[in-house]
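Trainee: I would like to learn how to read the features of a model one at a time. Please take me through this one.

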Amino acid sequence: TAPLVLVAALILGVLLPHLRANLESRYQRLAHAIAGQIEAHLLGPRRELRALAEYIRNRGYRPAPFWFDLLDAHAGTGDVFSAIYIVAADDSVYAVGLPQAQRGQRDNLLGLDLSQRAFLREARAHDDGAWSETFLSSLTGRLAVSLAIPAAEQALVGEIPIDRLSKFLGRSPAETEMLTVVLDQRGQIIAHSQAPQGGQQLNLGHLSIVRDALAGRFATRDFELDGAIFVGTSVSIPQLDWIVLVAQPRVQAFQMLLSTLWALAVGALAASLFAVLVAWALARGLARRIG
């Protein structure tokens, strides 16, 4: 059994750290790939809003109805934008574009006061685009995020639905047992690969790995979720201050190692039983000779 014990010690001392390093590298590659795809998904609407803001800036002041057709055309069917607002200098909605299904609500939105929206104040203060926190849209009831872009004395605000990110994560080519979660800057779930949210906003800020990520400490570590122990990695989506968490149940992550250790344990037990039987047979034979 001594060689088996030596092999087990080598596995625990050498193979285990190597396997954990490989897991960390694989999780980080997957998390960074997902973060890059989410950024790319939101870069398109941002470019569109910037171009529209530049057009509005160049045209100068126009009566509100002048913009309706243009904004409605960019809102389209609602797949990219739930709404597009032109906000006046006093932070009231001056004009709004909506998808076809919501255009009957236009009059209710005109004059809406957005002065309490922190992201709008930030965009005006820095004269640059600013993203909001995630919220449930009052128009559609879908999870959304807003982007504000200054346009001279006015500002352009686009409301972008993000509820389809869960479907995107669910189609990830990673293993089915992998858990992939996108969280906002408060630790609330934006998208979940195994449980589409359906408008529910759940918070994972109590998890140790999420607390560290919210504090800017991104690492691979173990954590407990729903009574199971996971090993996972967190990375950031810098432009949005979002977090991508990729994890896997620890039992599945270390399944190969556990299988090897179980095989060694069975081998050690079999070797011990064989040694006992051989010793018993030799002792019995010696006792007969002595007798």
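Mentor: Start with the largest cavity, whose volume is about 40 Å³. A volume here is the space filled by probe spheres set on grid points that are joined across faces, edges and corners. This is a predicted model, in which local features need pLDDT of at least 70 and side-chain atom pairs count only at pLDDT 80 or more, while totals for chains, interfaces and linings use all residues. Residues are numbered from 1 along each chain as its sequence is written, and side-chain values use heavy atoms, with hydrogens and water left out.

Trainee: How is a cavity found, and which residues line the largest cavity?

Mentor: Rolling a probe the size of a water molecule over the atoms shows where empty space is left. On a 1 Å grid over the protein atoms alone, a cavity is a set of points where a 1.4 Å probe fits but cannot get out, and lining residues have an atom within 4 Å of a point. The count comes to 1 cavity of 30 Å³ or more. Lining the largest cavity are Glu39, Leu42, Leu43, Arg46, Trp131, Gln239 and Leu240. Helix α1 (residues 2–59) supplies the largest share of this lining, 4 residues. Helices (H or I, at least four residues) and strands (E, at least two) are DSSP runs, numbered from the N terminus.

Trainee: What is the make-up of that lining by class?

Mentor: There are 4 nonpolar, 1 polar and 2 charged residues. Ala, Val, Leu, Ile, Met, Phe, Trp, Tyr, Cys and Pro count as nonpolar, Asp, Glu, Lys and Arg as charged, and the others, Gly among them, as polar.

Trainee: Next, salt bridges. How many does the structure hold?

Mentor: Side chains of opposite charge can pair when their charged atoms come close. The criterion is a side-chain nitrogen of Lys or Arg within 4 Å of a carboxyl oxygen of Asp or Glu. The structure holds 10 salt bridges.

Trainee: Is Asp212 buried or exposed?

Mentor: Asp212 counts as buried, at 17% relative accessibility. Buried means under 20% relative accessible area, exposed over 50%, and partly exposed in between (1.4 Å probe, protein chains only).

Trainee: Which residue forms a salt bridge with Asp222?

Mentor: Arg250 does, with the closest N and O atoms 2.8 Å apart. Arg250 lies in helix α7 (residues 250–253) and Asp222 in strand β9 (residues 220–225), so the pair ties together parts that are 28 residues apart in sequence. Elsewhere, salt bridges that share partners join Asp72, Arg103 and Arg106 into one network. Asp72 belongs to helix α2 (residues 64–75) and is buried, at 7% relative accessibility. Beyond its neighbours within four places in sequence, Asp72 is in contact (heavy atoms within 4.5 Å) with Val96, Gly97, Leu98, Arg103 and Arg106.

Trainee: How should I read phi, and where does Asp226 lie?

Mentor: Most residues other than glycine have a negative phi, and most peptide bonds are trans. Asp226 has a positive phi, near 55°. Asp226 sits in the loop between β9 and β10 (228–237) and is exposed, at 78% relative accessibility. Asp241 also has a positive phi, of about 60°. Asp241 is in the loop between β10 and β11 (242–249) and is exposed, with a relative accessible area of 52%.

Trainee: Last, how many aromatic pairs are there?

Mentor: A pair of aromatic rings is described by the distance of the centres and the angle of the planes. Rings of Phe, Tyr and Trp (its six-membered ring) pair if their centres lie within 6.5 Å; planes under 30 degrees apart count as stacked, over 60 as edge-to-face and the rest as tilted. The structure holds 4 aromatic pairs. One of them is Tyr61 with Tyr94, tilted, at 5.9 Å centre to centre and 40° between the planes. This pair links distant parts of the chain, Tyr61 in the loop between α1 and α2 and Tyr94 in strand β2 (residues 93–97), 33 residues apart. Phe223 and Phe230 form a stacked pair, 5.7 Å centre to centre with 15° between the planes, and both are buried.

Definitions and conventions. 1 Å grid on protein atoms, 1.4 Å probe; cavity = no way out; pocket = protein on both sides within 12 Å on 5 of 7 lines; lining within 4 Å.
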